[in-house]
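Good morning, and thank you for coming. Please look at the sequence and the structure as they come up, and keep both in view while I speak.

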Amino acid sequence: ISFSFSLNVFLLSGGGRLDICMTSTVSLTPCTQRDCKADYHLIVCGCFKYPFKDELPTRQAQLSTLQDTEEFDVLVVGGGATGSGCALDAVTRNLKTALVERNDFSSGTSSRSTKLIHGGVRYLQKAIMKLDYEQYMMVKEALHERSNLLDIAPHLSAPLPIMLPVYKWWQLLTFKEIFLLCFYFSSTHSYRLSPFISSPLATGQHNDARMNLAIALTAARHGAAIANYTEVVHLLKNTDAGTGKEKVCGARCRDVITGNEFDIRAKCVINATGPFTDSLRKMDDGKNTNICQPSAGVHIVIPGYYSPDNMGLLDPATSDGRVIFFLPWEKMTIAGTTDTPTDITAHPIPREEDINFILNEVRNYLSPDVEVRRGDVLAAWSGIRPLVTDPNSKDTQSICRNHIVNVSDSGLVTIAGGKWTTYRSMAEETLDAAVAAHRLGGGPSKTVGLVLEGGQDWTPTLYIRLVQDYGLENEVAQHLAATYGGKAFDVAKMARVTGKRWPIVGNRLVSEFPYIESEVRYAVKEYACTAIDVIARRTRLGFLNVQAADEALPRIVDIMGKMLDWSDAKRTEELEAAKKFLYLEMGYRSRSEQLTGTTEITLDTQELCLIDRYTNRFHKFDKDSKGFITTVDVQRVLQNISVQIDENALHEILNEVDLNKNGQVELNEFLQLMSAVKKGQVSDSRLAILMKTAEESLDLRGPVTVDRSGGGV
């Protein structure tokens with residue numbers, strides 16, 4: 001019997017690598033199509049695996065691919081949300097894809113966002129009030145992308161009810177358009193729902209750094225060659241034979257960790273460097289003018305009790321026009337934000353005046369009996385928004401409302417501006433432009449509905465299996481499921497036995513947060529190269545509590561040092577770099593300066609009697625009337641009340657108050673501490689609480705009676 005076959009083969013490839021499942025089934029089906037000349041069709045049914053479904057290639061393997069590949073279709077520069085989105089869009093179009101990031105994935109703006117996935121309150125207000133169709137279309141696009149993001153990363157994102165104060169009746173129409181569900185309450189009913197807030201709707205919230213990483217890792221699983229800590233030294237160019245013009249054909253790159261330099265050849269280079277957009281544009285052409293208009297947005301983290309567990313507040317109509325919000329996130333509260341012009345830097349630092357501005361705004365929305373204390377700020381950070389002007393616009397002074405995609409004369413494709421929510425559609429538009437400009441082929445975008453790393457096997461009850469199968473604490477299991485999704489089991493497998501009855505596995509890095517030691521080991525598999533990568537992006541400890549992150553650092557460095565074979569000098573370097581990061585970029589300096597900046601005791605006149613009380617408390621520890629106390633003095637008092645504290649921990653407690661760093665706490669330093677505590681500039685001071693507790697214990701004991709002393713002599 002003679003057959004003629006019609007065979008369609010769909011291949012999933014990327015970076016020149018192909019992996020096809022061999023468990024396909026083949027069948028012959030009679031042809032029923034009227035115009036088909038074949039008698040039968042050969043039907044091949046089977047699954048096509050990711051090139052790296054089970055195990056991601058190591059960073060070194062990725063670097064080797066970048067160096068050894070003769071030419072990529074696309075080279076993306078920038079590993080933030082937009083750059084990672086471009087890499088994922090490209091590789092799923094079957095284009096050979098490379099991505100380099102000079103720092104860590106999501107180390108810039110993408111990890112320092114508001115953590116909201118929303119349509120844009122201000123944009124829709126302008127659309128309605130000014131009948132601006134462009135603003136309306138921006139909101140419509142953002143709403144579609146929000147819905148998609150909630151679907152493709154269900155473990156990292158979720159709807160969040162938001163309460164908005166409504167001052168004018170027409171605002172009801174505005175807000176109704178941009179939120180998933182709307183309910184209207186009177187001020188009295190609102191207070192019952194949230195006693196902290198004086199006046200809900202639903203938007204989305206996500207873990208931004210982990211979301212960014214999930215996008216990058218998904219691109220890697222599909223075959224993209226990606227590498228962090230790989231910077232572009234300069235762009236490569238050749239002369240087009242047809243036009244005689246210079247065309248960008250790749251980049252000279254440097255491995256930041258080893259210093260090794262190499263070339264990456266590519267048909268198309270995409271500039272997705274956020275605030276550093278102009279740096280790469282000027283590598284292309286030194287005559288290019290700046291198009292990036294950087295703006296600093298500062299956020300603070302305060303204790304979780306400042307907001308309800310499942311509801312936030314957002315007000316787009318503050319006195320100076322800036323949006324203010326405070327939102328529950330990771331069992332803490334994020335408040336912000338500011339919007340001030342700034343210089344472009346890789347290490348933005350939150351300013352004290354911005355922190356105080358946010359605190360003052362927050363006070364306007366809280367019940368009068370809730371005291372907002374400066375000392376309650378657990379962390380603070382600044383992110384740089386890369387607002388841009390369109391280089392093709394005649395009016396170079398106007399800020400672009402959304403984002404721009406620009407193709408230079410040399411073929412460099414630049415994507416700039418935009419916002420987190422629309423990263424995917426921005427990437428799609430960028431690749432469409434790149435494909436057209438460089439004739440790359442590859443077909444249309446396939447990223448709508450494409451589930452990200454960890455989302456495939458996630459279910460709302462996944463954490464229960466982690467508890468049952470591995471003996472993890474319930475809180476830890478919930479955290480792992482919400483952070484890694486289906487990959488949480490891989491993290492659990494790496495957890496060490498605790499030696500306790502419960503939990504069976506999973507030693508915490510710090511007692512009050514659910515981060516465990518095996519996450520550090522898993523972070524290395526996720527391309528973490530430094531201790532900062534772990535505390536800032538693989539976990540979010542540095543963003544949540546700088547003191548807790550500082551406490552966890554020695555153990556993190558120890559684990560990473562063993563996995564990456566760090567020398568003692570390298571371990572010290574990593575520890576100091578991470579401490580500097582917390583001190584400057586995560587607000588530790590601002591927090592500590594609340595005490596060091598208090599140069600005099602500022603108790604009110606009616607409170608001066610407190611000085612005597614605090615002085616007496618101090619002298620109960622300074623038995624020898626030296627004028628200062630040391631760890632020995634504190635240890636002696638604690639022994640009298642049968643309390644034991646590790647000596648290293650005591651050194652840390654005293655060091656927080658030791659302003660001149662001479663290894664001892666003088667009376668004046670202690671009084672400054674108590675004055676700052678009283679005024680709310682400092683909260684949760686371990687020394688203040690320790691000494692108060694010890695004093696109360698000593699007072700309760702009272703003098704020893706003659707009978708109790710053995711009758712006297």
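**A walk through the chain**

Let me begin with strand β19, residues 379-388, which is mostly covered: eight of its ten residues are buried. Buried means under 20% relative accessible area, exposed means over 50%, and partly exposed lies in between, with a 1.4 Å probe and protein chains only. Helices (H or I, at least four residues) and strands (E, at least two) are DSSP runs, numbered from the N terminus.

This is a predicted model, in which local features need pLDDT of at least 70 and side-chain atom pairs count only at pLDDT 80 or more, while totals for chains, interfaces and linings use all residues. Residues are numbered from 1 along each chain as its sequence is written, and side-chain values use heavy atoms, with hydrogens and water left out.

Which strand is joined to β19? Strand β14, residues 292-302, is joined to β19 by ten bridges, and the two run antiparallel. Two strands are said to pair if DSSP finds at least two bridges between them. Within this pairing, Val 301 stands opposite Ala 379 of β19.

Now the chain as a whole. Its secondary structure comes to 24 helices and 23 strands. Of its 713 residues, 52% are buried. The chain exposes about 32900 Å², and carbon and sulfur atoms supply 51% of that area. Such accessible areas come from the Shrake-Rupley method with a 1.4 Å probe; for residues, only the protein chains shown count as cover.

Helix α2 deserves a moment. Eleven of the eleven residues of this helix, residues 81-91, are buried, so α2 is largely enclosed by the rest of the structure. Among them are Cys 86, Leu 88, Asp 89 and Val 91.

Nine bridges join β11, residues 230-239, to strand β12, residues 246-255, in an antiparallel arrangement. Thr 239 faces Glu 246 of β12. β11 and β12 form a hairpin with six residues between them, and Gly 244 in the turn has a positive phi of about 80 degrees. β12 is also joined, by five bridges, to strand β13, residues 261-271, again antiparallel. Here Arg 252 has Asp 263 in β13 as its bridge partner. The hairpin of β12 and β13 has five residues between its strands, with Gly 259 in the turn at a positive phi of about 85 degrees.

Some backbone angles also call for comment. Most residues other than glycine have a negative phi, and most peptide bonds are trans. Tyr 229, in the loop between β10 (225-227) and β11, has a phi near 50 degrees, a positive value in a residue other than glycine. Is Tyr 229 buried or exposed? At 8% relative accessibility, Tyr 229 counts as buried. Ser 642 also has a positive phi, of about 60 degrees, although it is not a glycine. Ser 642 sits in the loop between α21 (631-640) and α22 (647-655), and with a relative accessible area of 67% it is exposed.

There are cis peptide bonds to point out as well. The bond from Gly 336 to Thr 337 is cis, with omega near 5 degrees; Thr 337 is in the loop between β17 (332-336) and β18 (340-341). Trp 502 and Pro 503 are likewise joined by a cis peptide bond, with omega about -5 degrees, and Pro 503 lies in the loop between α13 and α14.

What lies around Pro 503? Glu 473 is 30 residues away from Pro 503 in sequence and 5.5 Å away in space, C-alpha to C-alpha. Glu 473 is in the loop between α11 (462-470) and α12 (474-484), and at 22% relative accessibility it counts as partly exposed. Not counting residues up to four places away in sequence, Glu 473 touches Val 467, Trp 502, Pro 503 and Arg 508, where contact means heavy atoms within 4.5 Å.

Finally, the record. For "domain: EF-hand", UniProt, in an unreviewed entry, lists residues 609-644 and 645-680; its positions are given in the numbering used here, feature names are shortened, and annotations may be inferred rather than shown by experiment. In the model, residues 609-644 are 64% helix and 6% strand, with the end C-alpha atoms 32 Å apart. Residues 645-680 are 58% helix and 6% strand, and their end C-alpha atoms lie 26 Å apart.
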